Each structure stands twice: as structure tokens, then as C-alpha cells.
Amino acid sequence: MNKVCTKCKTEQPITAFPKDAHLKSGISSQCRNCHAIRFRKHYLANKEKIDQRSRQWQADHPERVKELQARNYKYQKISEDEWKERKAATRIRTQESTRQNALEWRHRLKNDPIRLSQHREKRRDYINNWRAQIRNIRDIQELKKDIERIKAQGVRLKKAHTKICPILKYDPALYRAAQKEIKRACDDRRDPEKKRQNRVQWKKNNPAAISAQRYRRRTHLKNAIVDLTETQWRAIKAAYRFKCAYCGLKKPLTKDHIVPVKMEGNHTAANIIPACQSCNSSKGARLPKVSYQPHLIR
């Protein structure tokens with residue numbers, strides 16, 4: 001009885017088709033050669049994953065592995081002792097072949113001085129690189145010991161110390177701790193009056209940052225968005241012609257949240273409108289009676 005393969009379109013005997021329990025007929029629609037090609041492509045495309053899964057299965061089922069090995073010995077009609085003898089003989093043949101190849105290669109090198117000098121130079125570079133790797137491993141081990149000692153004792157810097165030890169750069173946490181320690185030491189040595197003047201001047205130059213800081217303090221327990229910039233605030237005031245959104249008068253403007261902070265409003269351009277101080281205070285923590293759309297009003 002013959003059957004046509006759906007892959008190669010050739011008519012072959014029914015024995016040339018493997019079994020497939022998933023099909024109603026119990027026989028695969030592709031011949032054994034087409035099956036082998038398809039499975040080979042799949043294996044090459046997923047070699048690492050399949051090998052890792054196979055090793056993991058063998059580690060999880062040692063008894064089953066022994067059973068399958070014993071069945072293979074029986075199927076091949078070779079006893080386990082004979083199988084071990086064959087493996088030992090193969091190992092001996094491989095060693096003899098390797099030794100013979102090495103002797104022939106050395107003989108060729110002796111007759112070729114240029115190739116021999118290149119080989120010696122490569123060997124010398126290999127030994128030097130190997131020694132350098134050993135030194136690096138020792139240096140890393142000593143570095144780890146130093147870092148553990150610094151962690152146990154804590155980061156301690158001298159009073160006038162402004163440079164960070166290069167060892168600390170290998171540990172980000174210790175490096176940040178050293179940076180904070182240096183900054184604290186520098187702040188302690190700075191004149192208090194000068195620090196106060198610098199802080200006041202910075203607040204005057206960065207009103208948007210101060211507003212964002214104040215809003216973060218008010219919403220430190222909420223997941224609010226704080227991304228309003230000074231450029232966006234100027235654009236919002238220009239959209240309202242630098243007038244209060246409530247009374248329409250030209251007064252010093254403040255940032256008013258359409259959705260109040262107590263109602264989990266965000267500090268973003270879409271939730272900010274300009275308002276004078278009196279209107280902002282009278283509105284309080286309530287929603288406005290009229291809906292506003294910043295940047296759209298002209």
C-alpha cells in the first residue's frame with residue numbers, strides 16, 4: 001500500500017511514513033525524510049533552548065535517564081561492560097592520534113623558522129595575558145576586601161578632604177555616601193550669612209522651582225504629577241492676556257489649580273490658570289463654577 005507525501009509530493013510505501021497519534025489515521029502525512037529535514041531546521045533555529053531543556057530534564061529525572069540508557073544498550077545488543085570497553089578504546093585512540101599530530105606539527109615547526117618564531121611569540125603573548133589576568137583577579141580580590149572594610153567602618157573623610165578615593169568608585173553606594181559627606185563638610189565650612197544670601201538669590205531666580213517644591217510638600221503622600229515649567233506658565237498667562245481668569249482684571253497673577261490640591265489635582269499646565277490673589281483665596285479648595293481650558297482662550 002502506497003501513500004503520497006504532502007511535502008515532497010512523492011508516492012512511497014506506507015512504511016516510509018512515521019506514526020502520528022494525533023491524526024485519525026495514526027500515520028503522518030509527511031515521509032520520514034521530510035520529517036527529518038523539518039525537525040533539523042527547528043533544532044538549528046532553537047538549539048540553545050532545546051539543549052538547555054534537555055539538560056534540565058535529565059537533571060530532574062536521573063532514574064528515567066538510567067532506564068533509557070539500559071534500554072538503548074539492550075536495543076543495540078551491547079552489554080554495559082562492552083560499552084565501557086569501547087569508550088575506553090576510543091579514548092586511547094584519540095590520545096594516540098593527538099600525540100601523533102603534535103609530533104608532526106613540532107617537526108614541521110623545526111623545519112620552518114619563521115613559523116616557529118611566530119608560534120613562540122604567540123605563546124609568549126598568551127602567557128603574559130594569562131599572568132595579567134591572574135594579577136587582575138588578585139587586585140579585584142584585594143579591592144573587594146578594602147570595600148568590605150570601608151563598609152564596616154563607614155565612609156570617613158578628613159576635615160579639608162574634597163577628593164574621593166578611587167576605590168569608592170567601584171561601589172555606587174559608597175561613592176554617593178562620600179559625595180554627601182564632602183558636600184556636608186563644604187557646607188559646614190561655608191559662611192552662614194553667605195549661604196543665606198545664596199539661598200535667597202536662588203529663590204528669586206527660580207520661582208517655578210520654588211512653586212514645584214511647595215506643591216510637592218503639599219502632596220508628598222499622593223501620586224501627583226508635578227511638571228509645570230516657567231515657559232508653560234508664561235504661555236498660560238499670555239493665553240489669558242495677563243488677566244485674572246475670574247475677575248478679568250490686570251493684577252499680579254498667581255497659579256490657581258482648577259482641580260484643587262485637596263482633590264488630588266496635578267501641578268501641570270492643563271490644571272493651572274492665572275488668578276489674582278484675592279480670587280485665588282476666595283475660590284479656596286473648591287472647583288470653579290465655569291470650566292476652563294488653558295491655552296485655548298484668546
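**Cysteines, strands and salt bridges**

Me: Is cysteine 34 buried or exposed, and at what relative accessibility?
Reply: Cysteine 34 counts as buried. The cut-offs are under 20% relative accessible area for buried, over 50% for exposed and partly exposed in between, using a 1.4 Å probe and protein chains only. For cysteine 34 the relative accessibility is 12%.

Me: What kind of model is this?
Reply: Residues are numbered from 1 along each chain as its sequence is written, and side-chain values use heavy atoms, with hydrogens and water left out. Local features need pLDDT of at least 70, side-chain atom pairs count only at pLDDT 80 or more, and totals for chains, interfaces and linings use all residues, since the model is predicted.

Me: How many disulfides does the count come to?
Reply: A disulfide here is a pair of cysteine sulfur atoms within 2.5 Å. The sulfur of cysteine 34 is too far for a bond, because its closest cysteine sulfur, in cysteine 31, is 3.4 Å off. By that rule, the tally is 0.

Me: Which cysteine has the sulfur nearest to that of cysteine 5?
Reply: Cysteine 5 counts as buried, at 0% relative accessibility. Cysteine 5 is in no disulfide; 3.5 Å away is the nearest cysteine sulfur, and it belongs to cysteine 8.

Me: What pattern does the protein follow along the sequence?
Reply: Helices (H or I, at least four residues) and strands (E, at least two) are DSSP runs, numbered from the N terminus. The protein has 10 helices and 4 strands. Read in order, they give β-β-α-α-α-α-α-α-α-α-α-β-β-α.

Me: How many of the residues of strand E4 are buried?
Reply: E4 covers residues 272-276. Ile272, Pro274 and Cys276 point one way, Ile273 and Ala275 point the other way, and all are buried. That makes E4 mostly covered, with a buried count of 5 of 5.

Me: Which residue in E4 is the bridge partner of histidine 257?
Reply: Two strands pair if DSSP finds at least two bridges between them. Strand E3 (residues 253-257) and E4 run antiparallel and are joined by 5 bridges. In E4, the partner of histidine 257 is isoleucine 272.

Me: What is the N to O distance between arginine 99 and glutamate 96?
Reply: A salt bridge needs a side-chain nitrogen of Lys or Arg within 4 Å of a carboxyl oxygen of Asp or Glu, and the count comes to 6. Arginine 99 and glutamate 96 both sit in helix H4 (residues 80-110), 3 residues apart, about one turn of the helix. Arginine 99 is partly exposed at 44%, as is glutamate 96 at 46%. Their side chains meet in a salt bridge, N to O, at 3.1 Å.

Me: Which residue forms a salt bridge with lysine 283?
Reply: The closest N and O atoms of this pair are 3.8 Å apart. The pair links distant parts of the chain, from helix H10 to strand E3, 27 residues apart.

Me: Which residues is lysine 237 in contact with, leaving aside neighbours within four places in sequence?
Reply: Lysine 237 lies in helix H9 (residues 230-239) and counts as buried at 19%. Contact means heavy atoms within 4.5 Å. With those neighbours left out, the list for lysine 237 is Phe242, Leu253 and Pro274.

Me: Which residues make the nonpolar surface patch?
Reply: Patches use residues with over 30% relative accessible area and no salt bridge, joining like charges within 9 Å and nonpolar side chains (Val, Leu, Ile, Met, Phe, Trp, Tyr) within 5 Å. Leucine 287 sits in the segment after helix H10 (277-283). The patch has an area of about 250 Å² and is made by Val259, Met263 and Leu287.

Note on methods
Accessible areas come from the Shrake-Rupley method with a 1.4 Å probe; for residues, only the protein chains shown count as cover.
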